[in-house]
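Let's take a friendly walk through the charged side chains of this protein. Have the sequence and the model open as you read.

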Amino acid sequence: MRRRLLSVTVPLQTRTLISPRLLSSPSHHLLSRSKKHSASPQDDPYDPPFSPIAKAPNPKPKQSPKARNPKPEQAPKALPYGMGKPSLPLHSDLPFDFRYSYSETDPSLRPIGYREPPRFSPFGPGRLDRKWDGVSAPATGEATEDRVSEDRSSVLGDPLTEEEVDELVERYRHSDCSRQINLGTGGVTHNTLEDIHNHWKRAEAVRIKCLGVPTLDMDNLCFHLEDKTGGKIIYRHINILLLYRGRNYDPKQRPVIPLMLWKPLAPIYPRLVPKVAEGLTFEQTKELRNRGLNTPALMKLKSFWKHFITQSSCFSAARNGVYANVVERVREAFRTSDVVRLDCAHVYTSDCKKIGVKLRDLVPCIPILFKDGQIIIWRGRETQDSDQCDS
C-alpha cells in the first residue's frame, strides 16, 4: 500500500511545483500543443512551421473630389515613322506602279493567264488604296517627270566630291559591312525598297550584293535602284554596288512603301521557244537543235547555291552565281558560229528560262531549245545576213 501511495503522490507534488506564471507563458502553450494536440500524420494535413502568412490587401486611398474629375482631353502626340499603327487603307505618293519585281518584269508584256485570281492582292485585303490587277498595282495620282526629277535633285543635293566618295567607298565596300542587302533571282523587288530606306536611317550608303540571273544586265539593276529609291550609285564593281541616299535625305520624310505580305504567283506568258523558229522550216530548226547539242559548251553556268561544280579545260565556268560576262562571251562566239550552247545543268530550270529571255533581249538572239539543263541559242537570220554584208 505504501508503494502505491508514493506512486500516486509523486505526480501531485510535481504539479504543485509548477507556478501559474509558467503555465501562462507562450513556451508552455507551445509545449502543451506539441504534446497534447499532436496528431498522427494521417489526421493532420501538411503544415510546415515556416509557412507564409497571408497579408491583407492594402486598401486603396480615397481620392479627393478634385482628383476624380478627369483632365481635359489632349491631342495625341505624333509618333515617329513606323511607331504608330497606320490608318488603312495606306496611301503612297510614289509615282510608279507597284509590282513584285521591277527589274525582272516587262510592263509592256501582258500575260495570257493567271495562276491565282487577280482580285487577291499581295498587299492584303483593304490595306492599299490601289487596285491589284494580277501583275501590278497602278498608281492613282499623276506625277509629272519634271516634278519627280526636282524632288530627287533636292534630296540628293550638291554632287559629292572625290574625297567624299572615296571615304564612303572605303567605309561600305568591304564584305564585313553591316549595311548590306543581297539581291537574288527576284532582282529589285518591292520589299527591297523598304529595306534600303531602313538602312538609310543610320547610314549614308548601303552595300548591295547582286547574285543570280539579274547580274546578266547590271545596267538594268542600277537604273531601277536609282529610279525607285531616289538614290545614286557611287561605286560599282562586277556585282557589288554602293547606293548613296543624298545630302538632304530626311528619314522622317521618307516615302510610304506598303509591304507585300506574300509573293504573288507568276502569271502565264506566251511560249518562249516556238516549235519552229521564225524564218526557218521544221527540218531546219531540228537540224540547228541537233547541231547545237553536239557542239562544245561555250560556258558552264552555276547557281549561287551550288558549289560542287568542277572546271575542265574545255569549259569556261562563270563565277558563282554572277553572270556579268555572259552576254559579251555570247556575242564574241556568234562572230564565228551561228549556234551556241550554254551548260546550265547546275542551275534551276526556271532560271534557265530567265537566262534565255535575258540573252534574247540583250545579245540579241533566238532561243531554240531548253533540254536537260542545256540552252541552245541561234544567232538569227537577220544578224547573219548583216554580218555577211559587213564582210
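## Ground rules

Helices (H or I, at least four residues) and strands (E, at least two) are DSSP runs, numbered from the N terminus. This is a predicted model, in which local features need pLDDT of at least 70, side-chain atom pairs count only at pLDDT 80 or more, and totals for chains, interfaces and linings use all residues. Residues are numbered from 1 along each chain as its sequence is written, and side-chain values use heavy atoms, with hydrogens and water left out.

Side chains of opposite charge can pair when their charged atoms come close. Here a salt bridge means a side-chain nitrogen of Lys or Arg within 4 Å of a carboxyl oxygen of Asp or Glu. Searching the whole structure gives twelve of them.

Start in helix H6 (residues 162–172), which holds both glutamate 167 and arginine 171, four residues apart, or about one turn of the helix. These two form a salt bridge, and their closest N and O atoms are 3.2 Å apart. The pairing is also part of a network of salt bridges that links Glu167, Arg171 and Glu204.

How open are the two partners? Buried means under 20% relative accessible area, exposed over 50%, and partly exposed in between (1.4 Å probe, protein chains only). Glutamate 167 is partly exposed at 48%, and arginine 171 is partly exposed at 40%.

## A pair between a strand and a helix

Next, look at arginine 236, which forms a salt bridge with aspartate 219; the closest N and O atoms are 2.7 Å apart. Arginine 236 sits in strand S5 (residues 232–237) and aspartate 219 in helix H8 (residues 218–229), so this pair ties together parts that are 17 residues apart in sequence. Arginine 236 is partly exposed at 43% relative accessibility, while aspartate 219 counts as exposed at 51%.

## A buried lysine

Which residue pairs with lysine 228 in a salt bridge? The partner is aspartate 227, with 2.9 Å between the closest N and O atoms. Lysine 228 is buried, with a relative accessible area of 11%, whereas aspartate 227 is partly exposed at 39%.

## A negative patch

Finally, turn to Glu145, Asp146, Glu150 and Asp151, which form a negative surface patch. Patches are made of residues with over 30% relative accessible area and no salt bridge, with like charges joined within 9 Å and nonpolar side chains (Val, Leu, Ile, Met, Phe, Trp, Tyr) within 5 Å. Glutamate 150 is found in helix H5 (residues 145–156), and this glutamate is exposed, at 52% relative accessible area.

Notes:
Areas by Shrake-Rupley, 256 points an atom, 1.4 Å probe, with all protein chains shown as cover. Lys, Arg positive; Asp, Glu negative; His and termini not counted. Charge placed at Lys NZ, Arg CZ, Asp CG, Glu CD.
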